[in-house]
Structure formats: structure tokens, C-alpha cells
Amino acid sequence: MDRPKVDFDFKVTKLPMGPSCEAGQLHDVSSGMRTYRPVIDQDKCVHCLRCFLVCPDGAIDKSGEQLEIDYDYCKGCGVCRRACKVGAISMILEVEA
């Protein structure tokens with residue numbers, strides 16, 4: 001069986017040191033691609049912070065008395081809605097908001 005030859009001269013020093021591009025997390029407004037928008041029903045919310053912990057974009061603000069969603073950074077993935085055990089978060093179409 002013919003197998004490809006292995007290049008044993010490859011060294012880790014040939015890889016770039018550090019990131020090869022600038023990180024853009026929470027620096028760029030990223031809401032333009034959103035189809036659905038999460039909405040928090042403050043009457044149902046028990047402030048368990050599950051949505052805050054699982055939000056991949058860090059778009060949920062817990063600094064005030066109520067949780068708020070920063071729609072400039074929310075991508076509308078719905079992870080917060082699925083994490084909410086009391087059903088306080090619903091997803092609505094962006095065009096209806």
C-alpha cells in the first residue's frame with residue numbers, strides 16, 4: 001500500500017505565535033443578521049441568571065434591577081430561551097419588534 005510520506009522536518013516554531021487576527025468579541029455591532037429577537041417577560045423572570053451565563057455573545061446585562069438584552073450584540077440564537085426554565089424568554093420575529 002502506498003502511503004504519503006511524512007515530513008519529519010516540520011517544527012512547531014513554523015507556526016505563528018499568538019492569534020493571527022484581531023479578536024472582535026463585543027466590539028463590533030453584530031445584530032444585523034438576526035431573524036428572531038429574545039424578549040424577557042420581567043413578571044415571569046426569577047433572576048436565576050441562567051440566560052446570562054449561557055449567552056454566547058454576552059448580550060444580557062444584569063447590572064440593573066431587571067435583566068436587559070443589548071440588541072446591538074444579540075445574534076438571536078435562542079440559547080437564552082432554551083436555558084430559561086420558567087419560560088420568561090420568548091423569541092419574536094425581528095420585523096414584529
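**Cavities and cysteines**

Modeller: In this predicted model, 13 residues line the second largest cavity. Nearest its centre lie Cys45, Cys48, Cys51, Leu67 and Cys84.

Colleague: What is the volume of the second largest cavity?

Modeller: About 80 Å³.

Colleague: What makes a space a cavity rather than a pocket?

Modeller: A 1.4 Å probe fits but cannot get out, whereas a pocket is open. The structure holds 2 cavities of 30 Å³ or more.

Colleague: How do the lining residues of the largest cavity divide by class?

Modeller: There are 10 nonpolar, 2 polar and 2 charged residues. For the second largest cavity, the lining has 11 nonpolar, 1 polar and 1 charged. Cys counts as nonpolar here.

Colleague: How many disulfides does the rule give?

Modeller: The count is 0. Take Cys51: the nearest cysteine sulfur belongs to Cys45 and is 6.2 Å away. A disulfide needs the two sulfurs within 2.5 Å, so Cys51 is in none.

Colleague: What is the nearest cysteine sulfur to Cys84, and how far away is it?

Modeller: That of Cys48, at 6.0 Å. The cut-off is 2.5 Å, so Cys84 is in no disulfide either.

Colleague: Why is Cys51 called buried?

Modeller: Because its relative accessible area is 7%, and buried means under 20%.

Colleague: Is Cys84 counted as buried or exposed, and on what value?

Modeller: Buried, at 15% relative accessibility. Exposed would take over 50%.

Conventions
Residues are numbered from 1 along each chain as its sequence is written. This is a predicted model: local features need pLDDT of at least 70, side-chain atom pairs count only at pLDDT 80 or more; totals for chains, interfaces and linings use all residues. Side-chain values use heavy atoms; hydrogens and water are left out. On a 1 Å grid over the protein atoms alone, a cavity is a set of points where a 1.4 Å probe fits but cannot get out, and a pocket is an open set with protein on both sides within 12 Å along at least five of seven lines; lining residues have an atom within 4 Å of a point. Grid points are joined across faces, edges and corners, and a volume is the space filled by probe spheres set on the points. Buried means under 20% relative accessible area, exposed over 50%, partly exposed in between (1.4 Å probe, protein chains only).
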